[in-house]
Amino acid sequence: MTGNAIYRLTNTSIVSVTRVEAPEVVSSDSLDDRLNGTYNRIGMARGGLAGLAGVEERRWWPEGTSYIAGGVEAGRTALEQAGITPDQVGLLINASVSRPHLEPSVATQIHDELGLPTNCLNFDITNACLGFVNAMQVAGSMIDAGQMDYALIVASEGTREPQERTLDRLVNGETTKDELKEAFATLTVGSGAAAMVLGRTDQNPGGHRVVGGLSRAGTSHHGLCIGTMEEMHTDSRALFIEGMALVTKAWAEAKAEFEWSDMDAYIPHQTSTAHLRGLSKALGLDNSRLAVSLVHHGNTAAAAVPFTLAQEAASMEDGDRVLLMGIGSGLNVSFTEIAW
């Protein structure tokens, strides 16, 4: 059976959404400087990270600093902005791609450092760059079911280690042109954190209601992007083609359930400016309504959508219709509508 998976929520709102920028700015020019010898040896021109991907710079957490600390900071700020105390949180979900170990869940450390109560469920949801959007659906469904009043979702990505390891490998004097192309996506990612508090709409009249959304799977393409905390191997061209095909199918079928052709703002996942142009062209969107954060922050993985939403929140007005647009390796796509 094929088609979209549809969901709708009736009593869940975004109460706050925050972001934390990693402090160290790493320009694409500086990465090109490190790769200059490799470029010359294999006959490739520098400048692709900024020129092709549109990533002028990305950020790193300081050496020796855990990226989880960024998630804790984002979570603490989100609680403060929501005006709630830790003991009111009934669910914590960490949605990060980055993780320093397989177990325990990253959520356990964040739960402890935020001083959340013993009756607060806590776990990780990982689904490449879609984890945060998926977590919103899970948390919203639990809030709608009356299981809790508030949920906190956190994502903090740390890309320093995989990028440094990749750079060391690419300058070893043996790298081929194909190997550099396969590693290209690794160099476009960036570090950063974001957090969101979801609560009951009837208790938070100033919140922004989560209307609902959809997901669609294209998992026959699960081998196009494979990443670890050491490196990524990506067929960027095939990923772009198959990702656009999956989004287009999901969008066409969505018209029977949702009217998304004229939203006030679109918050897409951030992989490259070429991808964003392709997305707006494929779906017939006004490109000026697509919010962008990757130029100065890179692809912040699962944090990208809420990170960009937090960036744009101050410019949004009551009544605006906002669409979160997640696309993740695997492949999977998810859209979530917000009534701001």
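D286 is partly exposed, with 37% relative accessible area (buried means under 20%, exposed over 50% and partly exposed in between, with a 1.4 Å probe and protein chains only). Its salt-bridge partner is R289, and the closest N and O atoms of the two are 3.5 Å apart. You are looking at a predicted model, in which local features need pLDDT of at least 70 and side-chain atom pairs count only at pLDDT 80 or more, while totals for chains, interfaces and linings use all residues. Residues are numbered from 1 along each chain as its sequence is written, and side-chain values use heavy atoms, leaving out hydrogens and water.

**Salt bridges**

- In total, the structure holds 16 salt bridges (a side-chain nitrogen of Lys or Arg within 4 Å of a carboxyl oxygen of Asp or Glu).
- D33 and R46 make one of them, with their closest N and O atoms 3.0 Å apart. This pair links distant parts of the chain, 13 residues apart: D33 sits in helix α1 (residues 28-42), and R46 in the loop between α1 and α2 (48-51). Helices (H or I, at least four residues) and strands (E, at least two) are DSSP runs, numbered from the N terminus.
- R46 itself is partly exposed, at 38% relative accessible area.
- R160 pairs with E63, and here the closest N and O atoms are 3.9 Å apart. The two partners are 97 residues apart and link distant parts of the chain, with R160 in helix α6 (residues 160-170) and E63 in the loop between β4 (57-60) and α3 (68-82).
- Are R160 and E63 buried or exposed? R160 counts as buried, at 16% relative accessibility, whereas E63 is exposed, at 65%.
- Elsewhere, salt bridges that share partners join E24, E63, R160 and E164 into one network.

**Surface charge**

- E174, D178, E179, E182 and D235 form a negative surface patch. Patch members have over 30% relative accessible area and no salt bridge, with like charges joined within 9 Å and nonpolar side chains (Val, Leu, Ile, Met, Phe, Trp, Tyr) within 5 Å.
- For the charges, Lys and Arg count as positive and Asp and Glu as negative, with His and the chain ends not counted; the place of a charge is NZ of Lys, CZ of Arg, CG of Asp or CD of Glu.
- D235, one of the patch members, lies in the loop between β11 (232-234) and α8 (236-254). D235 is partly exposed, with 40% relative accessible area.

**Cysteines**

- How many disulfides does the structure hold? There are zero (a disulfide is a pair of cysteine sulfur atoms within 2.5 Å).
- For C129, the closest cysteine sulfur is in C225 at 7.7 Å, which is too far for a bond.
- C129 is buried, with a relative accessible area of 14%, and C120 also counts as buried, at 3% relative accessibility.

**Backbone geometry**

- Which residues are joined by a cis peptide bond with omega of about 0 degrees? They are E103 and P104. P104 belongs to the loop between β5 (89-94) and α4 (106-113).
- Another cis peptide bond joins G330 and L331, with omega of about -15 degrees. L331 is placed in the loop between β13 (321-328) and β14 (332-339).
- A128 has a positive phi of about 50 degrees although it is not a glycine. A128 is part of the loop between β6 (121-124) and α5 (131-144), and is partly exposed at 28% relative accessible area.
- A301, again a residue other than glycine, has a positive phi near 55 degrees. The loop between α10 (294-297) and α11 (304-312) holds A301, which counts as buried at 14% relative accessibility.

**A buried loop residue**

- F258 is found in the loop between α8 and β12 (265-268). Although it is in a loop, F258 counts as buried, at 6% relative accessibility.

Note on methods
Accessible areas come from the Shrake-Rupley method with a 1.4 Å probe; for residues, only the protein chains shown count as cover.
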